[in-house]
Amino acid sequence: MAKLVLIRHGQSEWNLSNQFTGWVDVDLSDEGVKQAQNAGKLIKEAGIEFDYAFTSVLTRAIKTLHYALEYSDQLWIPETKTWRLNERHYGALQGQNKAEAAEKFGEDQVHIWRRSYDVLPPLLDASDEGSAANDRRYANLDPHIIPGGENLKVTLERVMPFWEDEIAPKLLDGKNVIIAAHGNSLRALSKYIEGISDEDIINLEMATGQPVVYDFNDKLEVQSKNKLG
């Protein structure tokens with residue numbers, strides 16, 4: 001039976017300062033480092049051994065993966081980074097303080113932007129200096145697919161090709177996989193894996209640094225879901 005472990009990155013510096021982060025590349029806070037290390041300890045205590053690791057191209061997720069693997073004595077396993085596992089792009093909200101945005105736009109509107117399945121945030125123009133189009137880690141992407149903002153629906157559509165091409169075949173082959181990524185890219189995957197409705201997905205929370213374990217049979221049907229710790 002194959003295992004898939006999902007870990008939302010530990011607390012980031014912008015989680016700590018209550019800012020919208022999205023594709024902005026911020027580091028882990030000191031607390032985030034501890035959370036990632038603890039995730040590795042929990043994995044080791046559970047005796048889970050991985051064959052493959054996947055993460056985004058953002059520092060907070062990459063470091064979370066590395067700490068989790070280091071503290072479970074598995075830093076050596078094959079690792080793949082992909083933009084398709086990036087956090088949801090928060091558009092023009094990126095960098096704004098969430099409380100200040102609620103004062104400016106209203107709490108209800110900000111809640112809709114943050115949690116709804118298919119409502120887009122205000123978009124960030126490609127000419128903006130903060131656009132991902134100016135980041136060399138995306139230099140090989142078609143400029144037309146670099147987002148100016150995403151909702152969870154678009155995030156799921158972006159994640160699914162990588163799931164189908166790279167992750168699912170390994171699970172079908174009986175391999176154990178760890179993914180360290182972000183709240184919304186992991187919510188998108190969980191929505192697909194568990195068949196969560198568009199209405200109910202708004203209630204799913206991914207705790208920082210908390211490993212979630214899925215057990216699959218040879219048809220890639222979920223047999224169980226557990227949280228470590």
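Tutor: Two strands count as paired once DSSP finds at least two bridges between them. Helices (H or I, at least four residues) and strands (E, at least two) are DSSP runs numbered from the N terminus. This is a predicted model, with local features needing pLDDT of at least 70, side-chain atom pairs needing 80 or more, and totals for chains, interfaces and linings using all residues. Residues are numbered from 1 along each chain as its sequence is written, and side-chain values use heavy atoms, leaving out hydrogens and water.

Student: OK, in which sense do strand 2 and strand 4 pair?

Tutor: Strand 2 covers residues 52-55, and strand 4 covers residues 177-181. Between them run 4 bridges, and the sense is parallel.

Student: And how many bridges link strand 2 to strand 3?

Tutor: Strand 3 spans residues 79-81. Strand 2 pairs with strand 3 in the parallel sense, and the bridge count is 3.

Student: Let's zoom in on T55. Which residues are its bridge partners in strand 4 and in strand 3?

Tutor: Take the two strands in turn. In strand 4, T55 has A180 as its bridge partner. Over in strand 3, the partner of T55 is K81.

Student: What handedness does the β-α-β unit of strand 2, helix 3 and strand 3 have?

Tutor: Helix 3 is residues 59-70, and it makes the unit together with strand 2 and strand 3. Point the strands away from you: a clockwise path from the first strand over the helix to the second is called right-handed. This unit is right-handed.

Student: How many salt bridges does the structure hold?

Tutor: Here, a salt bridge puts a side-chain nitrogen of Lys or Arg within 4 Å of a carboxyl oxygen of Asp or Glu. By that rule the total is 12.

Student: Which residue forms a salt bridge with D73?

Tutor: The closest N and O atoms of that pair are 2.8 Å apart, and the partner is K44. D73 lies in the loop between helix 3 and strand 3, while its partner sits in helix 2 (residues 30-46), so parts 29 residues apart in sequence get tied together by K44.
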